[in-house]
Amino acid sequence: MARIVVVGSGIGGMASAALFARAGYRVTVLEANEDYIGGHGRCLRVGNMRFSMGPQYVWEFGDGETGGRFLEYLGIHDVCPFLPMEEDGFERLFVGDRKKGGNWYFIDFSVPMGLARFGESLKRMFPEEAEAIDFLFNDMIAVYDVYKAFFRKNAVNESRLLNTTRFLLTGKISSAMKVRLGRTIYMSVKELFDRHGISPVARRILYGHGGIFAESESDMSAVAYIVGTGNYHAGARYPQKGFHHFFSSLAGVIEEAGGSVHRGKRVIRLETGGGRVSRAVCTDGSSYTCDFLFSDLSPRLTYALIDDSEESFDYAPSHAVGACCIVIAGGLASVREMRGKNYWWQDGVEIEYRAPDVTRPPRMLFINSPTANGFGGEPETADDSLAVFFPGNYSQELAVHRQGPDAFFSFKTQLAKQIIDILDRNVFPGISGRIAFSEIVSAVDTEAQILAERAGAYGRRLSVDEILKGGIREKRRPENLHNVSAAANSPGVAAGIYTAKLLFADLTKKNF
Ligand SMILES: Cc1cc2nc3c(=O)[nH]c(=O)nc-3n(C[C@H](O)[C@H](O)[C@H](O)COP(=O)(O)OP(=O)(O)OC[C@H]3O[C@@H](n4cnc5c(N)ncnc54)[C@H](O)[C@@H]3O)c2cc1C
């Protein structure tokens with residue numbers, strides 16, 4: 001059977017490696033990180049706690065959906081259960097800052113699952129805006145339904161939104177829908193809200209989960225927002241045993257089939273000849289001959305490994321997102337209430353993701369508790385943990401890092417304190433007196449740990465400009481090189497599996 005070398009153990013790499021290994025191919029995964037697999041989904045171990053540095057929840061993992069069928073196909077459905085998040089409030093949004101001289105309002109809003117239910121709940125909070133909210137949700141649901149119907153029947157995904165939309169515009173849909181679709185591809189989320197007459201406060205709730213895109217409302221593509229929001233409202237889930245268990249289960253599938261997953265193998269060169277990649281060479285001098293090479297690195301980083309590449313790319317890497325890992329001594333009841341829920345806090349004005357000042361207190365936090373979901377710590381621990389994410393600034397953090405270890409340490413200490421103060425004031429009163437441990441994982445750390453382009457969170461930006469560029473074209477692609485990264489395809493765990501599924505069907509003619 002043919003030999004496949006997979007560079008990188010992110011979701012795109014591991015999902016493809018598991019599928020091909022199970023189909024009998026000789027698969028070798030080469031991961032640069034010495035300690036962790038999973039890429040953005042790596043789970044850092046701090047003391048007796050684990051923190052996923054990326055994914056907190058997934059969609060498309062119900063029975064019969066792509067993720068669910070993927071687990072079935074690999075035979076790990078029962079050992080890797082994905083539980084539904086809380087139907088009546090899978091996201092809880094806190095808007096406003098209770099600091100002295102802060103906003104005049106403070107909102108605590110639980111988002112029910114399902115776009116229609118979300119719209120109804122929003123109308124109860126803003127009855128004077130009922131008409132505008134109906135107008136917006138009717139449009140969002142209509143656009144989402146058309147895309148979903150199209151994605152179900154066709155081999156496309158969100159990275160090809162523009163091409164898809166163009167195709168849909170020529171297809172058999174009503175002219176009213178063509179107008180709606182046509183508009184959304186050129187619109188930002190801000191313009192979408194403007195058009196529908198949504199008030200500034202209701203926007204904070206509608207884009208309360210904006211951190212999952214790492215884009216400001218003014219930049220974020222309306223169509224990508226609608227498809228992304230619709231996807232997770234269609235059924236958000238989390239892995240009962242955590243993302244570290246999910247990734248190790250994939251490694252188990254690969255190894256049981258005779259393949260291998262190596263850590264500490266940084267690929268520094270891809271040797272090519274006759275228009276094909278023949279071998280991957282690592283820093284330690286080892287090399288791996290291949291018939292197919294799957295790259296889980298962004299296109300720019302992949303082509304940098306090919307000696308004579310003249311490829312150039314114009315895509316923009318996603319903005320960075322930093323993390324603060326927190327351990328709470330003896331636990332906290334208000335943290336345990338987070339089971340099956342994500343919390344979001346924002347101060348109440350549009351969040352800046354392009355170049356936020358990370359030396360100032362963050363304006364937005366995305367808050368998760370691995371222990372509340374039952375997989376963050378050793379069973380005997382009474383402590384609780386929080387993984388808190390904030391908008392990062394790669395250039396600024398790099399500049400601080402270059403000032404030396406003391407400057408970098410004091411930047412991190414101050415940031416962790418600012419985050420804990422915000423949590424104490426607005427989300428978990430009393431938490432600041434209970435902190436056993438806190439650690440910032442900055443954009444510089446992320447770059448060092450997984451070598452991501454500018455430490456980008458989602459691969460590629462999801463701005464209007466970026467979506468309008470369409471898919472990334474590789475002009476001189478060696479014929480046996482396939483890119484399975486989020487940057488070349490779409491962000492997210494479900495999308496990584498979808499990318500692997502398309503490649504699997506393409507090369508083996510098998511499907512699941
Ligand atoms: C804060 C945050 C929250 C997120 N939340 C969610 C969520 O809730 N749900 C969801 O579905 N998605 C979420 N995502 C997105 C999701 O995590 C990513 O889209 C996805 O994990 C990217 O996978 P990838 O296949 O592109 O590989 P990556 O994760 O980018 O992995 C690439 C791997 O390649 C390795 N590598 C790099 N260079 C080399 C080399 N030269 N040699 C060998 N190995 C190399 C790296 O070490 C890394 O392990 C989140 C991301 C972030 C950052």
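1. Lys 123 is buried, at a relative accessible area of 16% (buried denotes under 20% relative accessible area, exposed over 50%, and partly exposed the range in between, with a 1.4 Å probe and protein chains only). Its side chain meets that of Asp 134 in a salt bridge, at 2.8 Å from N to O (a salt bridge requires a side-chain nitrogen of Lys or Arg within 4 Å of a carboxyl oxygen of Asp or Glu). The pair links distant parts of the chain, eleven residues apart: Lys 123 belongs to helix 3 (residues 115-125) and Asp 134 to helix 4 (residues 130-153). Helices (H or I, at least four residues) and strands (E, at least two) are DSSP runs, numbered from the N terminus. Asp 134 counts as partly exposed, at 29% relative accessibility.

2. The model is predicted, so local features need pLDDT of at least 70 and side-chain atom pairs count only at pLDDT 80 or more, whereas totals for chains, interfaces and linings use all residues. Residues are numbered from 1 along each chain as its sequence is written, and side-chain values use heavy atoms, with hydrogens and water left out.

3. A search of the whole structure finds 25 salt bridges. One of them joins Asp 291 to Arg 3, with the closest N and O atoms 3.3 Å apart. This pair links distant parts of the chain, 288 residues apart: Arg 3 is in strand 1 (residues 3-7), while Asp 291 is in the loop between strand 12 (287-289) and strand 13 (292-295). Asp 291 is partly exposed, with a relative accessible area of 23%, and Arg 3 is likewise partly exposed, at 30%.

4. Arg 300 forms a salt bridge with Glu 453, the closest N and O atoms lying 2.6 Å apart. Here too the pair links distant parts of the chain, 153 residues apart, with Arg 300 in helix 11 (residues 299-304) and Glu 453 in the loop between helix 15 (443-450) and helix 16 (464-468). Arg 300 is partly exposed, with a relative accessible area of 28%, whereas Glu 453 counts as buried at 15% relative accessibility.

5. A network of salt bridges links Glu 215, Asp 219, Arg 354 and Arg 461.

6. How do helix 13 and helix 15 cross, and at what angle? The axes of helix 13 (residues 394-402) and helix 15 come within 8 Å and cross at roughly 90 degrees, which makes the two helices roughly perpendicular. Axes are lines fitted to C-alpha atoms, for helices over the stretch in contact, and angles run from 0 to 180 degrees between N-to-C directions; angles under 35 degrees count as roughly parallel, over 145 as roughly antiparallel, 65 to 115 as roughly perpendicular and the rest as oblique.

7. Tyr 394, Glu 397, Leu 398 and His 401 of helix 13 make the contact with Ala 443, Val 444 and Glu 447 of helix 15 (contact meaning heavy atoms within 4.5 Å). By class, the contact comprises four nonpolar, one polar and two charged residues.

8. Most residues other than glycine have a negative phi. Ala 214, although not a glycine, has a positive phi of about 55 degrees. Ala 214 lies in the loop between helix 8 (200-206) and helix 9 (222-233) and is buried, with a relative accessible area of 1%.

9. Ala 455 also has a positive phi, near 60 degrees. Ala 455 is found in the loop between helix 15 and helix 16, and is buried at a relative accessible area of 2%.

Definitions and conventions:
Ala, Val, Leu, Ile, Met, Phe, Trp, Tyr, Cys and Pro count as nonpolar, Asp, Glu, Lys and Arg as charged, and the others, Gly among them, as polar.
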